[in-house]
Amino acid sequence: MKKVYVAGVGMTNFGKSTKLGRELALEASILAINDAGIKPKDIEATYVSNAFGIAENQVHVGPLINSSLGIPEVPSLTIESACSGSSAAFHEAYVALSSGIHKVALVVGYEKLSMNPTSENTRYFAMASDYWFEGLNGVTFPGLYALMATAHMKKYGTTEEMLGSVSIKNHRNGYYNPKAHFRKMIDMETYLNSPVVAYPLKLYDSCPFSDGASALILVNEDFNERKSERVQVLSSVRSGSMAALQDRNDFTGIPGAKIAAEKAFRNSKLSPTDISLAEVHDCFTIAEIMAIEDIGFFKKGEGGRAELEGITQYDGKIPINTSGGLKAKGHPVSATGIAQILEIYEQMLYRVDKNRQVSKPEIGLAHNVGATGGSVSITILKRVR
Amino acid sequence: MMHDVQAYMDGLKAGKIIGFECNECHNKWVTILNYCPVCGSENVKDSELSTSGKVLTFTIQKVPPTQYQEKAPYAIAIIQLDDGAKVQARIENLNGILDLVGKEVIFDKGGEEGLVFKIKKDNLI
């Protein structure tokens, strides 16, 4: 297998945008191309991720991006994997580059939904559940994660304050991220007083619907024109879980995340203690707590306490979501996976605000979940000098 | 020929929950399966599931999807049926109950508005 590297990254602001989704995707792509110091002509394949383009009357966006970049002959592919779409696209690019089929790939994810009312977007999101056996009963995505939160709180004594610490930390980190959707700090009182969305989850447990795009340039060892800093992809693993939550034996974690993490550590001959920072899928606060347990940073049931004790702060023992996470940076569904990898790249190049810069970012892990865990991606990255 | 989603929906309207049972390991499921996710067997058959069980976990859906606005707040629960199968259902007769875990529930109705269970009368405290 060829060695594969991230050679440049780019993202738009996350939040509400008046631009078209395809324009956001192109903007992020050009930023990544410039950051990598390559020309569009160097790109041999384009991997696009988008879930809800149909809301903008626009699908098949790969050829639009390639045409705008002046490379219409380059093959493109659009991938949907709910909230894990762009890490799935990243994985496909990784497979093609590590096999040697291509040397340089553009991977871009985007979402644009702010023209819809929230109720309409909630309906869109419910389509990623097993609709006839979940969504049809009147459950929303906050509701599905709330089912897991209730189970986790009952079994392990996880408290509201533990969930709140996740939200407060991620809002703090987002405050120092100029591209984040929410750039305001919150305190425990604000968290506790926020309205309930799906008991036990509140407004401040939930990530927002965001518009935005993120992109990166992936190269393999055969691409010798070294014009930018590179971060090596040590492992890219995808897994899954039974699609409907009720079909699983346990609701306090995501089986596919555990499987993917174990395999990624095995592939890279590393263990959770080797990781200097991680971006995990905190679509709801409980999801971050489950993630840090599923990955193996903490024993099952101890994630909430770790959050409360500040171990996951940017200057803590294992910094989690220094970007602000989905909670504060925002969650443009199919842009999230790449944005996580982008944060780790930026951290490794010491390009982020000093108030969230990790001191020794040697090895990073990204954890991206589609729906309630039907799809999961784990990526392990290493700083190279 | 095993049942499809339409047959499941028709079953709900007739007061039945039609699911699947694995003939090898005897696990039961409500979602659409052709192979058993536990033992991998293809020896899976249609099975009428129990219509009563206990709540394993729940949420109170304060902000519902548009089409369920008038029913809110209601609970969504994962229920372990008496025969071991697990289903997700909506529960509307909350009666001010704050914790549904362990409550005994029975089939109420089903169809275009999903699967609805209700809390048994003597559990309504």
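On a 1 Å grid over the protein atoms alone, a pocket is an open set of points where a 1.4 Å probe fits, with protein on both sides within 12 Å along at least five of seven lines; lining residues have an atom within 4 Å of a point. Grid points are joined across faces, edges and corners, and a volume is the space filled by probe spheres set on the points. The model is predicted, and totals for linings use all residues. Residues are numbered from 1 along each chain as its sequence is written, with chains lettered from A in the order in which they are written.

**Exercise 1.** Describe the second largest pocket and its lining.

Step 1. The second largest pocket holds about 240 Å³ of space.

Step 2. Its lining has 18 residues; nearest the centre lie Asn177(A), Lys179(A), Leu342(A), Glu346(A) and Arg356(A).

Step 3. Two or more lining residues come from each of β1 (4-11) and α12 (336-348) of chain A, helices (H or I, at least four residues) and strands (E, at least two) being DSSP runs numbered from the N terminus. The most, 4 residues, is given by α12(A).

Step 4. By class, the lining has 8 nonpolar, 3 polar and 7 charged residues (nonpolar: Ala, Val, Leu, Ile, Met, Phe, Trp, Tyr, Cys and Pro; charged: Asp, Glu, Lys and Arg; polar: the others, Gly among them).

**Exercise 2.** Do likewise for the largest pocket.

Step 1. Its volume is about 760 Å³.

Step 2. Among its 39 lining residues, Thr118(A), Ser206(A), Cys207(A), Pro208(A) and Phe209(A) are closest to the centre.

Step 3. α4(A) supplies the largest share of the lining, 5 residues.

Step 4. The lining divides into 20 nonpolar, 15 polar and 4 charged residues.

How values were computed
This is a predicted model: local features need pLDDT of at least 70, side-chain atom pairs count only at pLDDT 80 or more; totals for chains, interfaces and linings use all residues. Side-chain values use heavy atoms; hydrogens and water are left out.
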